[in-house]
Amino acid sequence: MAAPFHTLRYYLADHPSVVGFRWSHAGTWGSTWSFLFTSLAAYIFSAVALHHLLRLVSPTRRRTGIPLCPIPAAYSLCMAALSFTIFLGTVLSAAAEIRETRWLWRRWRTTAFEWLLCFPVGTRPSGRVFFWSYVYYLSRFIHALRPFIGILRRRRLSSGSLLSHSAVIFTAFLWLEFSQSFQVVDILTATLVCAVAYGYRFWTAAGLPGASFPVVVNCQIILLSCNVVCHVGVLPLHFIKGGGCNGIGAWIFNSFLNVAILYLFVNFYVKIYLRKRNDAGVGAGKCTEKVKDT
């Protein structure tokens with residue numbers, strides 16, 4: 001059992017590509033601001049264009065969606081495996097960084113928990129943790145393909161979903177560009193929740209019985225709650241620790257993005273709840289009318 005674990009730890013935390021990673025505009029793919037804004041603009045334009053193209057091709061009354069067969073299930077399985085790999089790699093890499101740099105923490109006057117939330121000022125985007133932060137950043141582009149599946153299946157375009165995915169990509173870019181504090185905990189919670197949510201989606205897409213409660217919605221609520229708690233925890237550390245936390249400016253901007261995502265999430269599910277409640281009320285009214293008629 002020890003040999004497979006050491007092999008796994010080597011490839012996920014001790015491989016030269018992981019240890020020697022360095023975020024730079026010249027040597028890292030997708031690391032420039034021009035790439036970020038161009039890709040986000042192309043992403044939103046492609047989704048809107050596909051939506052309107054399908055509306056032109058298919059009449060409104062007969063718009064039923066395109067059968068995608070096993071594509072959604074395969075996509076969910078791929079995202080679940082990728083998310084869990086990033087989660088495991090981040091755990092092993094963070095443990096290795098803590099183990100190897102513990103001797104420096106007396107100088108920084110910090111602890112392992114504080115380091116996870118608050119990088120010391122002067123931290124550079126290099127090494128194991130930032131390698132997996134970069135992988136997470138790239139994986140968000142794959143994660144952003146989900147709205148296209150919804151457009152093809154239901155012919156509906158969710159502007160909130162597009163903005164949410166774009167904000168997540170932008171946030172992951174800021175983590176690397178400014179060596180932002182708090183990103184380790186955020187990556188761990190986000191990838192673990194995504195692994196569970198996409199694993200459940202694959203489970204139901206494969207025809208297996210689903211749970212009696214909304215698993216995906218609960219996963220999103222847990223993720224947003226963890227983000228709020230961690231964001232609140234960074235602020236006092238920034239003022240208490242000498243020198244503050246690295247990338248606090250990006251953290252402030254990231255906080256505004258998270259508030260916007262939280263607003264879109266709450267607004268979306270409140271509308272769904274009210275719609276279901278209205279439908280239930282209409283259904284109950286019809287039943288009452290039928291009883292009176294009989």
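Helix α12 gives the largest share of the nonpolar patch, 3 residues, where helices are DSSP runs of H or I with at least four residues, numbered from the N terminus. The model is a predicted one, in which local features need pLDDT of at least 70 and side-chain atom pairs count only at pLDDT 80 or more, while totals for chains, interfaces and linings use all residues. Residues are numbered from 1 along each chain as its sequence is written, and side-chain values use heavy atoms, with hydrogens and water left out.

The patch itself is made by Val228, Val232, Leu262, Val266 and Val270 and covers about 380 Å² of surface; α11 and α12 (248-293) each supply at least two of its residues. Patches of this kind are made of residues with over 30% relative accessible area and no salt bridge, nonpolar side chains (Val, Leu, Ile, Met, Phe, Trp, Tyr) being joined within 5 Å and like charges within 9 Å. A salt bridge here is a side-chain nitrogen of Lys or Arg within 4 Å of a carboxyl oxygen of Asp or Glu, and accessible areas come from the Shrake-Rupley method with a 1.4 Å probe. Val266, which lies in helix α12, counts as partly exposed at 41% relative accessibility, given that buried means under 20%, exposed over 50% and partly exposed in between.

Helix α11 (residues 215-240) also holds Leu237, a residue that is buried, with a relative accessible area of 12%. Leaving aside residues up to four places away in sequence, Leu237 touches Glu114, Leu117, Cys118 and Cys245, contact meaning heavy atoms within 4.5 Å. Leu117 is 120 residues from Leu237 in sequence, yet their C-alpha atoms are 8.2 Å apart in space.

Turning to the rings, the structure holds 24 aromatic pairs, a pair being rings of Phe, Tyr or Trp (its six-membered ring) with centres within 6.5 Å, stacked if the planes are under 30 degrees apart, edge-to-face if over 60 and tilted otherwise. Among them is the edge-to-face pair of Tyr75 and Tyr198, at 5.8 Å centre to centre with 80 degrees between the planes. This pair links distant parts of the chain, since Tyr75 is in helix α4 (residues 71-101) and Tyr198 in helix α10 (residues 183-205), 123 residues apart. Both Tyr75 and Tyr198 are buried. The ring centres of Phe131 and Trp132 are 5.1 Å apart and their planes stand at 85 degrees, so this pair is edge-to-face; Phe131 and Trp132 are both buried.

Methods
Buried < 20%, exposed > 50% of the residue type's maximum accessible area, 1.4 Å probe, protein only.
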